[in-house]
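Please read the points below alongside the sequence and the model.

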Amino acid sequence: MLFENASAELALLLFTLLVPVGVMALALMACVRGFFATDAKGARTADRLTSIPAVVMLVGLVCSFFHLGDPGHVFGMLTGIGHSPLSNEILVAAIAIVIGVVYWVICLVKGLNEGGHKVFGTVLLVAAVVCAVFTGTAYAIPTIPTWDTPCNWIGQLGLALLGGSALAAASLALAGYELDKQASLALKACGGIGLVVVAAVLVAQAALSAAAVSSVGVLLGSVMTDYATVGAACVVLCAAGYALFACGRVRVVPAWLGVVCVMVGLALMRVDFYGVFLSAGLAYL
């Protein structure tokens, strides 16, 4: 049942996974390049490999259009800016993506000096946090009690930190970019915070969902066993992925295996989220 509900929102699942992770990875790559010791030898390759998180981000954007059905609908949705959480999400995500694309293109064409990476890193980091938060608050719908909680935006922030740090570390490793001790610790700290947040949100969301009752008296208890199984798989995969890129020196193969584990785990987190849909008026059970 969880996977049936989640598959119905597959386009949104991918959008809310790939865009926050891609923007955060770009932000962290820029921050590493701007605020920590620079590896001149691997700098140009690292510039080019900003393409990896940029593509992840843009694939997420494309997925959002599949949800709209007609790309022209986006203009109608933008009329709700300021009073519609969904419209606000689209605006914030669009701004974050534009900043990410500008940074990516500059890196590809001519590269940036340390100061340029600092500026883009700071701006992108703020944009990534705001984007993650707004992709969560878009689901704060009063008629869906299982979604109308702070778990949404907190979970999305954890997702962005964990996935973004894993993708950034793996992309820099592939570029042969040598991280100094501080840069390595910063990426690992972001990933560790994200992992703890993801696990905590899954537990909190389970407690809230298990207690939810629709207006027709339907409970979610019948799907909570599946929820727990999927949630446990999420945490195990995310923890394994984090360990692969965070234990010791970041190396290419373990780091990319870590990215795969983390992204699959985070996708399962989104499955759990969409799977506990429970409307106050109609329950899909």
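The points below are grouped by topic, after a note on conventions.

This is a predicted model, in which local features need pLDDT of at least 70, side-chain atom pairs count only at pLDDT 80 or more, and totals for chains, interfaces and linings use all residues. Residues are numbered from 1 along each chain as its sequence is written, and side-chain values use heavy atoms, with hydrogens and water left out.

**Helix H2**

- Helix H2 covers residues 10-35; helices are DSSP runs of H or I with at least four residues, numbered from the N terminus.
- At 1.5 Å a residue, its 26 residues should span 38 Å, and the distance of 37 Å between its end C-alpha atoms agrees with this. The expected span is 1.5 Å times one less than the number of residues.
- Of the 26 residues of H2, 23 are buried, so the helix is mostly covered (buried means under 20% relative accessible area, with a 1.4 Å probe and protein chains only).

**Asp47**

- Asp47 belongs to helix H3, residues 40-48.
- With a relative accessible area of 4%, Asp47 counts as buried.
- Beyond its neighbours within four places in sequence, Asp47 is in contact with Arg33, Cys107, Leu108, Gly111, Leu112 and His117 (contact means heavy atoms within 4.5 Å).

**Second largest pocket**

- The volume of the second largest pocket is about 230 Å³. A pocket is an open set of points on a 1 Å grid over the protein atoms alone, with protein on both sides within 12 Å along at least five of seven lines; points are joined across faces, edges and corners, and a volume is the space filled by probe spheres set on them.
- Its lining has 14 residues, and Tyr177, Glu178, Leu179, Arg249 and Val250 lie nearest the centre (lining residues have an atom within 4 Å of a point).
- Helices H8 (151-174) and H9 (181-210) each supply at least two lining residues; the largest share, three residues, comes from H8.
- By class, this lining has seven nonpolar, two polar and five charged residues (Ala, Val, Leu, Ile, Met, Phe, Trp, Tyr, Cys and Pro are nonpolar, Asp, Glu, Lys and Arg charged, and the others, Gly among them, polar).

**Largest cavity**

- The count comes to one cavity of 30 Å³ or more (a cavity is a set of grid points where a 1.4 Å probe fits but cannot get out).
- The largest cavity has a volume of about 60 Å³.
- Its lining consists of Cys151, Asn152, Gly155, Gln156, Val201, Leu202, Gln205, Met269, Arg270 and Phe273.
- H8, H9 and helix H11 (252-275) give two or more residues each to this lining, and H8 gives the most, with four.
- The lining of the largest cavity divides into five nonpolar, four polar and one charged residue.

Methods. Buried means under 20% relative accessible area, exposed over 50%, partly exposed in between (1.4 Å probe, protein chains only).
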